[in-house]
Amino acid sequence: MPENSLTVTDNRTGKVYSLPIEHGTIRAMDLRQIKTDPHDFGLLTYDPAFMNTCSCQSRITFIDGDAGILLYRGYPIEQLAEHSTFLETAYLLYRGSLPTREKLKMWVDGVTRHTILHENIRRFLGGFHYDAHPMGIFVATVSALSTFYQESKQIFDPEARRITFYRLVAKVPTIAAFAYRYSIGMPIAYPDNELSYTGNFLNMMFKGTEPRYRPDPVLERALEVLFILHADHEQNCSTSAMRVVGSAHTDPFTAIAAAAAALYGPLHGGANEAVLKMLNVIGSKDKIPEYIRRVKAGEVKLMGFGHRVYKNYDPRARIIKRTADEVFEVTGKNPLLDIALELERIALEDDYFVSRKLYPNVDFYSGIIYQAMGFPTEMFPVLFAMPRVAGWMSQWEEGLLDPEQKIARPRQIYLGAERRDYVPIEQREPALTGSMLP
Ligand code: ACO
């Protein structure tokens with residue numbers, strides 16, 4: 001028997017199989033040979049929520065959840081948060097290596113040139129209800145961009161892919177800021193190409209009547225750090241959505257809209273918004289024990305806690321806590337911080353959370369910082385989606401160019417009715433029609 005293999009005995013037939021092990025995995029398709037007879041379809045795996053299934057090989061992001069390690073293309077997140085900018089990190093994710101000075105300049109200049117949106121997009125925004133959620137506007141508008149840039153459908157043309165990457169990274173802050181200003185009835189603020197990526201975003205969000213907006217350098221840098229931390233996170237729900245939709249060769253704008261739709265959910269990128277709502281519901285430190293009791297009774301979740309892969313500590317949460325201190329020096333402390341810190345302290349001493357390895361994730365503190373910076377809660381998922389576009393695009397292209405990837409198409413275990421004949425309506429018994437609801 002080869003050393004790197006798994007021996008499986010099928011007790012139904014007594015047959016023995018040797019399955020190769022590579023990178024700590026067996027190939028699910030190798031199980032298909034395991035049959036009870038020649039008509040048997042072959043053995044399948046059942047893995048709802050992909051708890052133990054690798055859907056791809058990737059060279060982009062590495063996570064060791066037990067050790068609390070996160071690397072982008074091999075570089076520790078702590079070093080990138082300390083030394084890099086969001087645009088440099090986006091380049092690193094997409095291209096695979098850090099840019100030279102010259103390449104970085106070309107990339108930053110290119111992104112800056114593409115920040116403007118077609119005027120029809122502005123008119124299109126006017127169709128949304130006045131109180132539309134900015135994330136809903138974001139999802140729809142990113143998707144609409146595919147109708148403006150039809151060459152993005154040429155997904156096997158490297159130049160078309162390159163331009164689409166520039167456009168997406170450049171235009172998402174403009175879409176996000178336009179969506180916000182529309183939702184509060186403010187006239188939109190156009191991009192200022194003299195400012196940095198994050199400085200310009202702050203300008204488009206918060207510019208008032210002043211002739212030129214000057215971002216606070218501490219807040220500008222804090223936003224860079226937050227964007228770096230959110231830029232990629234390997235095969236999570238939204239990235240998997242991006243890869244699955246991309247596997248059908250859908251254009252990247254539309255696939256990004258699908259990924260953003262996944263991120264919108266409160267169990268994923270909507271969690272930072274949910275954390276703020278939770279902290280407001282708790283309201284004061286003395287109400288924390290009662291809230292913890294409800295969490296342990298299964299009535300509510302402690303939002304911003306727990307992660308599918310981090311079972312030690314989310315390294316991003318540690319960096320964010322430091323960023324929070326810097327931001328609060330400028331903005332003054334967010335009163336919700338005291339509730340969050342106390343909640344974290346109590347939870348980390350409680351056996352319910354300790355035994356389940358539930359620790360604060362990236363969303364626990366990011367919302368408190370964003371709120372202190374002046375962003376409304378509805379913008380939080382949008383602030384998550386914007387930098388994640390860099391990761392989604394990198395993952396999408398890697399999947400597209402991977403010769404092993406085909407259109408994604410999982411199997412199912414069918415547990416429904418066996419074949420039966422159609423019953424004319426006058427012969428149907430109420431008991432046979434299932435639910436009482438129409
Ligand atoms: N509060 C209370 N209990 C929790 C929480 C929580 N936040 N998270 C998990 N648990 C409990 C579960 O009830 C379960 O308990 P049980 O074993 O008694 O049934 C146990 O911990 C294991 O949890 P799972 O749901 O199996 O963990 P899973 O990996 O499926 O879920 C998830 C991960 C979705 C992040 C979950 O922890 C959660 O809902 N957290 C709150 C939402 C959140 O903060 N999401 C952001 C994630 S980070 C991101 O997307 C950027």
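Which residue in strand 5 is the bridge partner of Tyr72? That would be Tyr75. This is a predicted model, so to speak of local features takes a pLDDT of at least 70, side-chain atom pairs count only at pLDDT 80 or more, and totals for chains, interfaces and linings use all residues. Residues are numbered from 1 along each chain as its sequence is written, and side-chain values use heavy atoms, with hydrogens and water left out.

- Strand 3 and strand 4 are joined by four antiparallel bridges, where pairing takes at least two DSSP bridges between two strands.
- Strand 4 (residues 69-72) pairs with strand 5 over two bridges, again antiparallel.
- Leu71 of strand 4 has Phe62 opposite, and Leu71 also stands opposite Pro76 in strand 5.
- Both hairpins have a residue with positive phi: Gly68, near 70°, in the strand 3 and strand 4 hairpin with four residues between the strands, and Arg73, near 50°, in the strand 4 and strand 5 hairpin with two residues between the strands.

- Strand 1 (residues 5-10) and strand 2 (residues 15-20) pair in the antiparallel sense over six bridges.
- Thr9 faces Val16 of strand 2 across this pairing.
- Four residues separate the two strands, and Gly14 in the turn has a positive phi of about 80°.

**Around the ligand**

- There are 19 residues around the ligand, and Lys301, Leu302, Gly304, Phe305 and Arg308 come nearest; a residue counts as near if one of its heavy atoms lies within 4 Å.
- That shell splits into ten nonpolar, five polar and four charged residues, with Ala, Val, Leu, Ile, Met, Phe, Trp, Tyr, Cys and Pro taken as nonpolar, Asp, Glu, Lys and Arg as charged, and the others, Gly among them, as polar.
- Leu267 puts a backbone N or O atom 3.1 Å from a ligand nitrogen atom.
- His268 has a polar side-chain atom 3.0 Å from an oxygen atom of the ligand, and Arg356 likewise has a polar side-chain atom 3.0 Å from a ligand oxygen atom.
- On its own the ligand exposes 920 Å², and the protein buries 71% of that (accessible areas by the Shrake-Rupley method with a 1.4 Å probe).

**The second largest pocket**

- The second largest pocket holds about 240 Å³ of space, the volume being the space filled by probe spheres set on grid points that are joined across faces, edges and corners.
- Its lining has 19 residues, and Leu87, Val108, Leu195, Ser196 and Tyr197 are the closest to the pocket's centre (a pocket is an open set of points on a 1 Å grid over the protein atoms alone, where a 1.4 Å probe fits, with protein on both sides within 12 Å along at least five of seven lines; lining residues have an atom within 4 Å of a point).
- Helix 2 (86-95), helix 3 (101-113), helix 6 (158-183) and helix 7 (197-206) each give the lining at least two residues, and helix 3 has the largest share, with five.
- By class, the lining has nine nonpolar, six polar and four charged residues.

Note on methods
Polar contact = N/O pair within 3.5 Å; in protein donor to acceptor, adjacent residues only side chain to side chain.
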